[in-house]
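My entries follow in the order in which I looked.

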Amino acid sequence: MATSIAKIACAVAFAAGVAAPVTAFSKSATVTEIEERGTLLCSGHNGSYFGFVEVNDKNEWKGLDIDMCRALTTAILGDPDKAQIVPLSWAQRFPALQSGDVDVIIKATGWTMGRDTEVGLQFSLPYFFGGTQFMAHGDLGITEAKELDGGTICVEAGTTIERLAGNYLKTIGVEHTMVSYEKASELRAAYLANRCDAFAAWGPFLAVLRATELEKPDAHIILSDQLSNEPIAAAMRQGDEEFVDMVNWMIAALLIAEEEGVTSANVEEMAANPPNPKIARLLGVDPSMGERLGIRDTWAREMIAATGNFGEIYDRNLGEGSPYKLDRGLNNLWSHGGVLYAPILD
């Protein structure tokens, strides 16, 4: 009898624990520091990474990654102009994050096990997918990496591409000389000066470079080998789970807005008359969107008004609204044949 009563008591206690609502939300220490400073320190580039992190002819930062930084800045501080972009090389980005010189890295950064476990980073939801490839001089008459035997390959230092290219060529038995450069501009110059037979880079970057920077695009061949398909994500220091939540839901809100047709042009109209409960929650009409993260309930509305949804950000930086005209492919929403999707906003 005593045993039965004890079991019942335990079951009741367990049920009460499961049913009990969680109403206390912890605020990110990093968000608090950003608010006190009044700026968000975000990674830039020490040159141009076309379409992602670059400087325009007015000496202003632009690109997909820059707009993602500005979106996060708006979410936290309410103003995209409070983003402070810190120029960094690829090799500098992780030490700069660990030392506090930047708050977050949004800089075409691949999510790898080594970075997750050895470098001490935490990653967000992926917001882009891209693979590593080789581009070679067309007069070599080659179409595959196995034909690079005895050649010189240029790569950018401090990237996963350096290791991926070396491992791939070794695996397929290609003897080669690898030369690394600190800056993308130096890498491009070396390739154009024929100091290397080919160079390895991110596929989207190669397509942009060939289309916009080379005098004779047809004289350069992007080889058929696909070395990887990397998930690109924001990187943060370990130990602040609430900040990871903040960055994840910033990305999710941009994707949900695109799914639901909420744009920079109609966001205020949608907020005034939400067509469904999800949009009401997203735009802060129904409270809790901000409380759970320790910020304003209207943060997503302000962010979308400032930067647009994810589709708008992609289009103006890489897609039809940009000089590059890159098809979205895998980087479309799941409902449009891509692989990008947001978690459930409940």
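I began with α13, whose buried residues pack against β3 (61-62), α3 (64-77), β6 (128-130), α9 and α12; contact here means heavy atoms within 4.5 Å, and helices (H or I, at least four residues) and strands (E, at least two) are DSSP runs numbered from the N terminus. This is a predicted model, in which local features need pLDDT of at least 70 and side-chain atom pairs count only at pLDDT 80 or more, while totals for chains, interfaces and linings use all residues. Residues are numbered from 1 along each chain as its sequence is written, and side-chain values use heavy atoms, with hydrogens and water left out.

In α13 (residues 310-317) I found Phe310, Gly311, Ile313, Tyr314 and Asn317 buried, where buried means under 20% relative accessible area, exposed over 50%, and partly exposed in between (1.4 Å probe, protein chains only). These residues lie on the same side of α13 because they cover an arc of only 160° around the axis, the arc being that of the directions from the helix axis to the C-beta atoms. At the start of α13, I noted a side-chain oxygen of Asn309 within 2.9 Å of the backbone nitrogen of Gly311.

I then turned to the nonpolar cores, each a set of buried Ala, Val, Leu, Ile, Met, Phe, Trp, Tyr and Cys residues joined through side-chain atoms within 4.5 Å. The largest has 95 residues, and those with the most contacts inside it are Phe134, Phe199, Phe243, Met246, Leu282 and Trp299. Helix α9 (residues 241-260) gives the most to this core, with twelve residues. Apart from it lies another core of eleven residues, including Val86 and Phe123.

Which cysteines are joined to each other? I found a disulfide (a pair of cysteine sulfur atoms within 2.5 Å) between Cys42 and Cys69, with S to S 1.9 Å, and another between Cys154 and Cys196, whose sulfur atoms are 2.3 Å apart. Cys154 lies in strand β8 (residues 151-156) and Cys196 in the loop between α7 and β10, so this pair ties together parts that are 42 residues apart in sequence. With -50° about the S-S bond, the link of Cys42 and Cys69 is left-handed, and the link of Cys154 and Cys196, with -115°, is left-handed.

Last, I checked Ser288, which has a positive phi near 125° although it is a residue other than glycine; Ser288 is buried, with a relative accessible area of 15%.

Key
Polar contact = N/O pair within 3.5 Å; in protein donor to acceptor, adjacent residues only side chain to side chain.
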